[in-house]
Each structure stands twice: as C-alpha cells, then as structure tokens.
Amino acid sequence: MLKSMTGFGNATVEAGGLSVTAEVKTLNSKFLDIYCRMPRQFSDKEIELRALLTQQLERGKVELSLNLARTNAVRPSITINRPLVLAYVYDIKETANTMLMSIPDSDVLQLALQQPNAYLSESADSTADSSDWSTVVAAVQEAIRRCDGFRKQDGAVLESKFQEYIQIITDRLADIEEHDVRRIPAVRDRMRNSVRELLESETFDQNRFEQELVYYVEKFDISEEKVRLKNHLSYFLEVLATEEANGKKLNFISQEIGREINTIGSKANDASIQRFVVQMKDELEKIKEQTMNVI
C-alpha cells in the first residue's frame, strides 16, 4: 500500500492530573527532517521522541508539537521563604520602633518581600516525572498513528491516480500500434522510391545502398520500443500493488517509461504518432510529480 508523505494527526491524553496534546504534521521532503516543539522540562527526552518518529514515519519533513496543561491543583514554581520573610518583618518593626516611627503592617510586609532570598524556586517541575512522560509518549504515539492513517488514505488516492495515468498511456500506446500498421506501408513506399532513384542513378553504389537501407530500417522501426514500453507499464502496476512500492522505485520506473516514449517519438517521424507521444508525456509528468509525494 502506498503512503503519502503529507499527513496530519493529533491526540489528547489525560492521566494523573496532566493533559497532553500532541500534533504531528508531515510534508514532502527528500529525506527525513524532524522538528520538535516541546516544553523545556522534557528537552532531555527529545532524542527518544525523534527515534519514535523516525521508526514510524520513515521519510518527509516532520513537525511535532506538544502542549501540556495541568488539570488538578498544582503548587507554584516559586514560593515565599516564610521563615526568612518573618525575620525580615520583625527586624523592620524593631528598627522602626527604635527610630520612634510607625509603619503600617502592609508596608512592612512589602519591604520584607523585597529583601534578598525572600523567594524559593521549586525544582520539582524542572525534571520530567515518569508518569507524566508516559502520558506524553501515549499522546505522541496516538498522534503518529492518526498521521499514518492520514498518509495511507492519501496514498490510496495516489494509487488510484497512478492507475488512471498508466491506463491513459496504455491507451495511447494502443493508438500508436494501430496507427503504426498504416505507417509502415507509407515508409515502405518512400523507401521504394528512394531505391528506384538510386538504381536509376549512374553513380549507384551497392555498398552505399545497403548502408542506407539498414539506416532507414533502424530509424523507423519502433517495435522494440513498443514492447519495452508495455513491459515498463506492466511492471509499474505490479510494483504499485506490492508492499515494496515506494516513491523512489516508482520514479525510477517512470524514467524508463519516459525513455521509451521519447525514443518512439523521435524514431516514428510521424505527425499522428507525435500527438499520441505528447499526450503520453503529459500523463508521465503527472506520474513523476506525484511520485515525489510518495514515501
């Protein structure tokens, strides 16, 4: 089954008072290119997430976005150093009494909170809790699964398009074969006229005549090209139906198809066949363009 490189998936998982929303978006890229947008407390886990994305998504430009929200009561990351602030309050009041000054309690507290080390920074949120990380991984895995499902759906559409393009090329090849039956007698008549002119010429050269005959036969005969083109078209459909189908392999086969189409166009030397060749090239360009979006 084909997979497109374009995909999107998101998922939200809640557990242990934590809600994690993960979004995975993939776009076309010749190689695997991963960009992660995640909270700082999980920065040490980025390599693990990259490995997970690499294993599941294989190829393309991948963007992962994580959003975390607490659903239960949490402690603030910065708290007041109460014993020290209380000591500051007592000291400010005693100093004011010594100076026979009266200071409102609210002003005393404000002054105390402005003193050094009046606040404590909690370190509990700076490292990822194991249960929180399990929730993150579950959300990411589900987002990847949905993104992969999106890719498969898009890949099924691409597969249908490929079959349509190949069928059109096959139909044009059938038109060429039908027209080629009428083209050959015309070519034969032209060759007879050329031979007649050569025989009537006083400077007729037998060796030159044989060389010219071989040249015309090779130049106008497209039998081998038609057979090879048929085989390439059949092989494209065979690969398309297998698990080993991928963008690089399909693109390589399309290049072989293009080589035979070009040769038919250059050797046929016929206006009608040239029109069929142009139509085949148009469909082939669509195939090449779409293979760039296949994993």
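1. The side chains of Glu 142 and Arg 146 meet in a salt bridge, with an N to O distance of 2.9 Å; a salt bridge here is a side-chain nitrogen of Lys or Arg within 4 Å of a carboxyl oxygen of Asp or Glu. The two residues are separated by about one helical turn because they lie four residues apart in helix H4 (residues 130-200). Glu 142 is partly exposed at 21% relative accessibility, and Arg 146 is partly exposed at 42%. For these labels, buried means under 20% relative accessible area, exposed over 50%, and partly exposed in between (1.4 Å probe, protein chains only).

2. On the basis of the note: this is a predicted model, in which local features need pLDDT of at least 70 and side-chain atom pairs count only at pLDDT 80 or more, while totals for chains, interfaces and linings use all residues. Residues are numbered from 1 along each chain as its sequence is written, and side-chain values use heavy atoms, with hydrogens and water left out.

3. The protein chain contains eight helices and six strands, in the order β-β-β-α-β-β-α-α-β-α-α-α-α-α along the sequence. Helices (H or I, at least four residues) and strands (E, at least two) are DSSP runs, numbered from the N terminus. Of the 295 residues, 35% count as buried. The chain exposes about 17900 Å², with 51% supplied by carbon and sulfur atoms; accessible areas come from the Shrake-Rupley method with a 1.4 Å probe, and for residues only the protein chains shown count as cover.

4. Among contacts with a separation of 6 or more, 81% join residues 24 or more positions apart; contact means heavy atoms within 4.5 Å.

5. A search of the whole structure finds 17 salt bridges. Helix H4 also holds the pair Lys 152 and Asp 148, four residues apart, about one turn of the helix, with an N to O distance of 3.7 Å in their salt bridge. Lys 152 is partly exposed at 35%, whereas Asp 148 is buried at 15%.

6. In helix H6, Glu 225 and Arg 228 lie three residues apart, about one turn of the helix, and form a salt bridge whose closest N and O atoms are 3.5 Å apart. Glu 225 is buried, with 6% relative accessibility; Arg 228 is partly exposed, with 33%. Both belong to a network of salt bridges that links Glu 224, Glu 225, Arg 228, Glu 260 and Lys 267.

7. Ser 4, in the segment before strand S1 (7-15), is buried at 0% relative accessibility. The Ser 4 side chain makes a polar contact of 3.0 Å with the side chain of Asn 293. A polar contact is a pair of N or O atoms within 3.5 Å; within protein, one must be able to donate a hydrogen and the other to accept it, and residues adjacent in sequence count only if both atoms are side-chain atoms. Beyond residues up to four places away in sequence, Ser 4 touches Arg 151, Asp 154, Gly 155, Leu 158, Asn 293 and Ile 295.

8. Thr 291 lies in helix H8 (residues 271-291) and is buried, with a relative accessible area of 2%. The side chain of Thr 291 makes a polar contact of 3.2 Å with that of Asn 251. Apart from neighbours within four places in sequence, Thr 291 is in contact with Phe 162, Gly 247, Leu 250 and Asn 251.
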